[in-house]
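Here are a few notes to read with the model open beside you. Take the points in order and look up each residue as you go.

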Amino acid sequence: LANEKLKRLLADLNGKNVNLCLETDLNTDEHESLLRDLQDSVGICYDTGNRTSFGFDPSEEILYWGKRILHVHIKDKNQAGKNVLLGTGLVDFDHAFESLRQIGYSNAFTLETNRGENEEESAIIHLAFLKNLITKYDLSKY
């Protein structure tokens, strides 16, 4: 039923220069089955924190999905599954960004981060964290 609804949505979007990206909690086989049943225009919105929290390895998944990844959410989570400041949780950002470099990722990132004690200060720290990774793994050339 969900696939039928998605297929109708895709038909409505056809020719409108819109990409649909799915973020799921499915394992790789389930995700692949879902995507196989849908058009090639459906991509993946990859969330580093959620996928790590679900027990998946972002670096492996990023390499597996490659160009199907059309958008990336930057998030870090602790063992309790709570959002934490970037770099203080379970996500191995270095390996994830090395994988993004290997697939030639050139699309957008969205920071979905913990606000910390001071929202403005946390935002500045998170943006610097992301910019450092983009520079370190030479993703800015894309």
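1. Start with Leu 38, which sits in the loop between helix H2 (28–37) and strand E2 (42–47). Keep in mind throughout that this is a predicted model. Is Leu 38 buried or exposed? With a relative accessible area of 7%, Leu 38 falls under the 20% cut-off, so it counts as buried.

2. Leaving out residues up to four places away in sequence, Leu 38 touches Asn 3, Leu 6, Lys 7, Leu 10 and Leu 22. Take Leu 6 from that list: Leu 38 and Leu 6 are 32 residues apart in sequence, yet their C-alpha atoms are 7.7 Å apart in space.

3. Leu 22 deserves a stop of its own. Besides Leu 38, its contacts include Leu 6, His 31, Leu 34 and Leu 35. Leu 22 also touches Val 42, Gly 43, Ile 44 and Cys 45, again not counting residues up to four places away in sequence.

4. Next, zoom out to the largest nonpolar core, which has 28 residues. Which residues have the most contacts inside it? They are Leu 22, Ile 69, Phe 97 and Leu 100. Two or more residues each come from H1, E1, H2, E2, helix H4 (58–65), strand E3 (69–74), helix H5 (93–102) and H6. H5 gives the most, with 4 residues. As background, nonpolar side chains tend to be buried together in soluble globular proteins.

5. What does the Ser 59 side chain make a polar contact with? The partner is the side chain of Asp 57, at 2.7 Å. Leaving aside neighbours within four places in sequence, Ser 59 is in contact with His 95, Ala 96 and Ser 99.

6. Last, two backbone spots to look at. Asn 17, in the loop between helix H1 (2–13) and strand E1 (20–22), has a phi near 55°, a positive value in a residue other than glycine. At 80% relative accessibility, Asn 17 is over the 50% cut-off and therefore counts as exposed.

7. Asp 138 has a positive phi too, near 55°, and is likewise a residue other than glycine. Where is Asp 138? Look in the segment after helix H6 (119–136). Its relative accessibility is 36%, so Asp 138 counts as partly exposed.

Definitions and conventions: Residues numbered from 1 in each chain as written. Predicted model: local features only at pLDDT ≥ 70, side-chain atom pairs only at ≥ 80, totals over all residues. Heavy atoms only, no water. Buried < 20%, exposed > 50% of the residue type's maximum accessible area, 1.4 Å probe, protein only. Contact = heavy atoms within 4.5 Å. Core = buried A, V, L, I, M, F, W, Y, C linked by side-chain atoms within 4.5 Å. Polar contact = N/O pair within 3.5 Å; in protein donor to acceptor, adjacent residues only side chain to side chain.
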